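I opened the notebook to record what I looked up in this structure, element by element. The entries follow in the order in which I made them.

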Amino acid sequence: MKKTEETFASDFNSAVKLKGFKVYEVDVKIKNGHNYNRKDFYKISLNTGKYIFHYADKSYETDKTILFFGNPRIPYSCEVVSQTSGYACLFTEGFLKLNERSESLLQSPLFKLGGTPILQINKEQKAEITAIFKKMIAEQDTEYAFKDELIRNYIGLIVHEALKMQPFQNTPTHKNAAVRITSVFLDLLERQFPIESKEHPLKLKTAQDYASYLSVHVNHLNSSVKEVTGKPTTVHIADRVVSEAKALLQHTNWNVADIAYSLGFEYPTYFNNFFKSKTGHIPKSERAVSL
């Protein structure tokens, strides 16, 4: 019996997540059934039907057969306009990223912001990709000792076939572009937390860091975030850092210097001055109050 994408996504995020992979046949007969949010896995889907894809700050409309490539770091959704069918596979970065060859697949334009996540395919291409999906479905429940490696090869084959195809020619719409790029930024900001180890400090610390990661100009990011939220990018970052600092002060035994470094401050004095400017008191007093 076929299941909806939402049911399989739920399954994947629980028990199946331990395996790092899931492939299934799609049979969606609902409209507007997806929220615009981050997924916790990479996705490759083969879809036939009429829908509108929202990907980062762009939207694509199609009524043909397409291949879609979803990145867990980039919010996306699909509005189903008419009945659709096809196949999809979900996989974690850890499942595929075992060597330099597979890692390069995730760095291809298919999975990058500003790249080409949607490809329109013809009947012959659809038949070839469908055959690969069917092989993955048949393989995933076997006891074959090397089935994970085989499935990785199937994923790689789909990616390589897609890289040889022409990009989707439907001009993307830019309605609510500021809303979408803001959504991407806020989602990425939240993904930087919580800080769980002193050995893995905060990586993205400035508006420029976020803009570079998202492949957009920092002025475009700043103007979009300010337009949508009423607050500058730097304020969002600072507020989230303060919130995380309070959590670390209240719920860990890390010293202030360790907390400062974990949050991206080169020197504890810089952190002290920052924290006091935002809260009115020094970090140690926050810890004293909490204890």
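I began with the pairing of His54, whose bridge partner in E4 is Ser59. E3 (51-55) and E4 (58-62) run antiparallel and are joined by 5 bridges; I count two strands as paired if DSSP finds at least two bridges between them. The element names are DSSP runs numbered from the N terminus, with helices (H or I) of at least four residues and strands (E) of at least two.

Before going further I noted that this is a predicted model, in which local features need pLDDT of at least 70 and side-chain atom pairs count only at pLDDT 80 or more, while totals for chains, interfaces and linings use all residues. Residues are numbered from 1 along each chain as its sequence is written, and side-chain values use heavy atoms, with hydrogens and water left out.

**Entry: the sheet.** I then followed E3 to E6, and found that these strands also run antiparallel with 5 bridges between them, Tyr55 standing opposite Tyr76 in E6. Together they give an open sheet of 3 strands in the order E4-E3-E6, with antiparallel pairing. E4 and E6 (76-80) are the edge strands, each pairing on one side only. Neighbouring strands in this sheet are turned by 15° against each other on average, direction ignored; the axes here are lines fitted to C-alpha atoms, for helices over the stretch in contact, and angles run from 0 to 180 degrees between N-to-C directions. I also noted that 4 of the 5 residues of E6 are buried, where buried means under 20% relative accessible area, exposed over 50%, and partly exposed in between (1.4 Å probe, protein chains only).

**Entry: H6.** Which residues of H6 are buried? I listed Ala177, Ala178, Arg180, Ile181, Thr182, Val184, Phe185, Asp187, Leu188 and Leu189. Their cover includes E3 and E4 from the sheet, and also H7 (207-214), H8 (218-229) and H9. As a check on geometry, the 15 residues of H6 (177-191) should span 21 Å at 1.5 Å a residue, and the end C-alpha atoms are 21 Å apart, which agrees; the expected span is 1.5 Å times one less than the number of residues.

**Entry: H6 against H8.** The two helices pack at an angle of about 100°, with their axes 8 Å apart. H6 is therefore roughly perpendicular to H8, a label that covers 65 to 115 degrees, whereas under 35 is roughly parallel, over 145 roughly antiparallel and the rest oblique. On the H6 side I found Ala178, Val179, Ile181, Thr182, Phe185 and Leu186, which meet His220, Leu221, Ser224, Val225, Glu227, Val228 and Thr229 in H8; contact means heavy atoms within 4.5 Å. The residues of this contact divide into 8 nonpolar, 4 polar and 1 charged, counting Ala, Val, Leu, Ile, Met, Phe, Trp, Tyr, Cys and Pro as nonpolar, Asp, Glu, Lys and Arg as charged, and the others, Gly among them, as polar.

**Entry: H9 against H11.** H9 (233-251) and H11 (268-279) pack at about 105°, with their axes 11 Å apart, so H9 is roughly perpendicular to H11. Ala238, Val241, Val242, Ala245, Lys246 and Leu249 of H9 meet Phe271, Phe274, Phe275, Lys278 and Thr279 of H11, and the contact residues divide into 8 nonpolar, 1 polar and 2 charged.
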